[in-house]
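Have a look at the structure below and turn it around a few times before you read on.

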Amino acid sequence: MDFDAIDLMIMRATQAGLPLVSRPYHAIAEQLNLPVELVMARFTAMQKSGVIRRIGGVPNHYKLGYRFNGMTVWNVPDEHVDALGERIGKLPFVSHCYHRPRHLPDWNYNLFAMVHGKSQDEVNQQIAQIATLLGDFNLGNDVLYSTKILKKTGFRSGTI
Amino acid sequence: MTVNTKTYDAIDARLINHLQDGFPICDAPYLQVAHELGLTELDVLERLKNLLENGTLTRFGALYNAERMGGALTLAAIKVPEIDFETVTNIVNAFPEVAHNYARNHELNMWFVVATETPEQLTETLAAIEHKTGLRVYNMPKLNEYFVGLKLEA
């Protein structure tokens, strides 16, 4: 099923979050004047098709005490990137893990993993753990820390 | 960093971790989550309210995937000469399509997320940023996304 006008209504109504009431889907249905069965069916369908990645909480890592947030970047052989990305994503301290294109010769890294630690030491250990996991497939790596937030809007798709 | 500013307790951590694995679509989903965790529905609702209010959670709800709705999203980077950093920041930030922008400690020292309603607009926006800044934009759209299982320590 393609994303349609009803899905768009539901998305707009819930972009800021799900209502914190006992029957949240009923509350959305009432607000949009739609049958609750339809609202729940659309949520299920959107989740199945990937329009909704998941329903859940988005933690603020900084508030949680994870003050050290590193964008780790890795050069791994392209033919192994998917298998390695799946394994790195499963590490408990990784919040995002993506395959991205290289830009040779300036940028050799094709695998990105955001890691979060409570100290620089902890992040260094996390990086070492990823390096161990990659073994000989690690052809080079780096870590970039944000030194300043230049812009942050209310943008909410959650798929950076 | 010795100040204890913990904004959540062990039960909150269990709740947040549990919700990382998904939230039910049913008549009374908070009640179902409460049952799974041995809590009351009221407790789950109160804890979520509190976690949102104190900023431990930035939001709670459905995470929509812009690309699947026909939109486009990318991560892009620029090597900005230090002396021009403020000027380039102002140019890049002026684009409403630029959602987030971070300075990072690398030769590629500016990293930003661009979100548009169509893939064509994304290409146009990146070209316009190159044109206005006179700098090369390194476009790094995600080619694949891997499942993550981030868990908090209780």
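This is a predicted model: local features need pLDDT of at least 70, side-chain atom pairs count only at pLDDT 80 or more; totals for chains, interfaces and linings use all residues.

A residue is called buried if 20 or more other C-beta atoms lie within 10 Å of its own, exposed if 12 or fewer do, and partly exposed in between, with the C-beta atoms placed from the backbone.

Residues are numbered from 1 along each chain as its sequence is written, and chains are lettered from A and ligands numbered from 1 in the order in which they are written.

Back to our two residues. B:T7 sits in the segment before α1 (10-20) of chain B. Leaving aside neighbours within four places in sequence, B:T7 touches A:K63, B:N54 and B:T56, where contact means that the C-beta atoms of two residues, placed from the backbone, lie within 7 Å. B:N90 is 83 residues from B:T7 along the chain, and their C-alpha atoms are separated by 34 Å. A:R12, for its part, belongs to helix α1 of chain A. Helices (H or I, at least four residues) and strands (E, at least two) are DSSP runs, numbered from the N terminus.

Now zoom out to the domains, whose bounds come from an automatic or database domain assignment. Chain A has domain 1 (5-49) and domain 2 (68-145), with 36 Å between their centres, taken over C-alpha atoms. Chain B is split into domain 1 (10-53) and domain 2 (66-139), and there the centres are 37 Å apart, again over C-alpha atoms.

Inside chain B, find helix α2 (residues 29-37) and helix α3 (residues 41-53). Their axes come within 8 Å and cross at roughly 105 degrees. Axes here are lines fitted to C-alpha atoms, for helices over the stretch in contact, and angles run from 0 to 180 degrees between N-to-C directions. Angles under 35 degrees count as roughly parallel, over 145 as roughly antiparallel, 65 to 115 as roughly perpendicular and the rest as oblique. α2(B) and α3(B) are therefore roughly perpendicular to each other. The touching residues are B:Y30, B:L31, B:V33 and B:A34 on α2(B), and B:E41, B:D43, B:V44 and B:L45 on α3(B). Six of these are nonpolar, none polar and two charged. Ala, Val, Leu, Ile, Met, Phe, Trp, Tyr, Cys and Pro count as nonpolar, Asp, Glu, Lys and Arg as charged, and the others, Gly among them, as polar.

How do the two chains meet? The contact takes 64 residues from chain A and 62 residues from chain B. On the chain A side, β5(A) gives the most, with nine residues. That side divides into 28 nonpolar, 23 polar and 13 charged residues.

The strands tell a story too. Two strands pair if DSSP finds at least two bridges between them. An open sheet of nine strands, with antiparallel pairing, runs in the order β5(B)-β2(B)-β4(B)-β3(B)-β5(A)-β2(A)-β4(A)-β3(A)-β6(B). At the edges stand β5 (137-139) and β6 of chain B, each with a single partner strand, so one side of each is left without a neighbour in the sheet.

Let's walk along this sheet. β3(B) and β4(B) are joined antiparallel by five bridges and form a hairpin with five residues between them; B:Y102 has B:W111 as its bridge partner in β4(B). Next, five bridges link β5(A) to β3(B), also antiparallel, and A:K152 is partnered there by B:H100. β5(A) then pairs with β2(A), antiparallel over five bridges, with A:W74 opposite A:N141. Six of the seven residues of β2(A) (68-74) are buried, so this strand is largely enclosed by the rest of the structure. Seven bridges join β2(A) to β4(A), which run antiparallel, and A:F68 is partnered by A:G117.
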